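Reader: Please guide me through this protein, beginning with the terms that I shall need.

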Amino acid sequence: MHHLNYHHLYYFYLVAREGSIAQAAKLLHVTPQTVSGQLSTFENQIGYPLFDRVNKRLYLNDKGKVSFQYASEIFHKGHQLAEILNAGDEINTKEFVIGITNGIPKVLFYDFVHDTMRNFANVKYVIKEDSFDGLLKELAINAIDFIVADRGIAPGSQVSANSHFLGESALSFFAKAPLSSNQTFPDCLNNMPLLIQGNTSGIHHALISWLETEQLYPKIVAEFDDTALLKLFGSEDFGVFCAPAAISDHVEVQYGVCCIGQAHSLNERYYAITGKSRVDFTITESIIGAARIILGYSQKPIGAY
């Protein structure tokens, strides 16, 4: 294959996005047979199928998933180009895409970025939330500029990216009601219902290890990938939960809970991850600098771990 037929690619993109040939045909105002024919031509052209066909339904295979990721980026950029050409000099449509992993507290992310968003107001910011691995895949194809995560790039990773250590925060524990006079932290956690972060979170395994080291045996009621959902259940008295001490005041006010203690030896670490081939240094430096100030981490050159 020497040249990619973007007309055929667009037909594939709509079928993958809409989930069926019939729905894509409606959007294109053509017959399903036309769409099916164009899709077959495209697959023949590139030399392999993009869908698995099971019981007359289409499912993206591995090559199809990769192709859809790239096609989404291509047609998104095409839409942006059309906006720029139609608008002339009236607007600046520069875009900066930030990914946030599920385990990052939303209020902490807000604290990291809100000054930058105000200072660079001519930029359109796109905020995406996903798993760490999901965001790295998008970074690898230049669909994301910047990631805020609770872990860095693992040694030997095939993704071409830089990790920037932002700082860390000890974890505070919260409950709907304060401890009684005969309870002390952390011993009070024994037999208490506990809500914890899911195993995709950077703190999950450290929390389990800390409980074992301290010989604490709470009753783990539930695990959550979404930290906002975890706090909501905690606010409804489903159990004790932990959150970064850096946002302790916010958690108490927002969720109507009490801080019952702090685990000073249990820290959640935060990182910024940037691609090596596409980055706006001024915006990146601004976010990293703000985050390090908030977390009390001494200023180091961008790129320092």
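Author: Helices (H or I, at least four residues) and strands (E, at least two) are DSSP runs, numbered from the N terminus. The model is predicted, so local features need pLDDT of at least 70 and side-chain atom pairs count only at pLDDT 80 or more, while totals for chains, interfaces and linings use all residues. Residues are numbered from 1 along each chain as its sequence is written, and side-chain values use heavy atoms, leaving out hydrogens and water.

Reader: How many helices and strands are there in the protein?

Author: The C-alpha atoms fill a box of roughly 75 × 50 × 35 Å, taken along the principal axes. Among contacts between residues at least 6 apart in sequence, 74% join residues at least 24 apart. The protein has 10 helices and 10 strands.

Reader: What share of the residues in the protein is buried?

Author: A residue is buried under 20% relative accessible area, exposed over 50% and partly exposed in between (1.4 Å probe, protein chains only). Of the 305 residues in the protein, the buried share is 43%.

Reader: Which helices do the buried residues of H2 pack against?

Author: Helix H2 spans residues 21–28, and its buried residues are Ala-24, Ala-25 and Leu-28. They cover an arc (of the directions from the helix axis to the C-beta atoms) of only 105°, which puts them on the same side of H2. An α-helix has 3.6 residues a turn, so residues three or four places apart point the same way. The buried residues of H2 pack against helix H1 (6–18) and helix H3 (32–46).

Reader: Which residue caps the N-terminal end of H2?

Author: Just after H2, His-29 has a positive phi of about 60°. At the N-terminal end, the backbone nitrogen of Gln-23 lies 3.1 Å from a side-chain oxygen of the capping residue, Ser-20.

Reader: Where is Leu-230 placed, and is it buried or exposed?

Author: Leu-230 lies in helix H8, residues 227–235. Leaving aside neighbours within four places in sequence, Leu-230 is in contact with Leu-195, Ile-196, Gln-197, Phe-224, Phe-241 and Cys-242. Because the relative accessible area of Leu-230 is 1%, this residue of H8 is buried.

Reader: Within what arc do the buried residues of H8 fall?

Author: The buried residues of H8 are Thr-227, Leu-230, Lys-231, Gly-234 and Ser-235. Seen down the axis, they line one face of H8, because they fall within an arc of 135°.

Reader: Which elements do the buried residues of H8 pack against?

Author: At the start of H8, a side-chain oxygen of Asp-226 reaches to within 2.8 Å of the backbone nitrogen of Ala-228. H8 is followed by Asp-237, whose phi is positive, near 70°. The buried residues of H8 pack against H5, strand E7 (193–197), strand E8 (219–224), strand E9 (240–244) and helix H9 (248–255).

Reader: With which side chain does the side chain of Thr-116 make a polar contact?

Author: Thr-116 lies in helix H5, residues 106–119, and counts as buried because its relative accessibility is 1%. A polar contact is a pair of N or O atoms within 3.5 Å; within protein, one must be able to donate a hydrogen and the other to accept it, and residues adjacent in sequence count only if both atoms are side-chain atoms. The side chain of Thr-116 makes such a contact, at 2.6 Å, with the side chain of Ser-286.

Reader: How many Å apart in space are Glu-285 and Thr-116?

Author: Glu-285 is placed in helix H10, residues 281–294. Because its relative accessibility is 39%, Glu-285 counts as partly exposed. Glu-285 and Thr-116 are 169 residues apart in sequence, and their C-alpha to C-alpha distance is 9.5 Å.

Terms used. Contact means heavy atoms within 4.5 Å.
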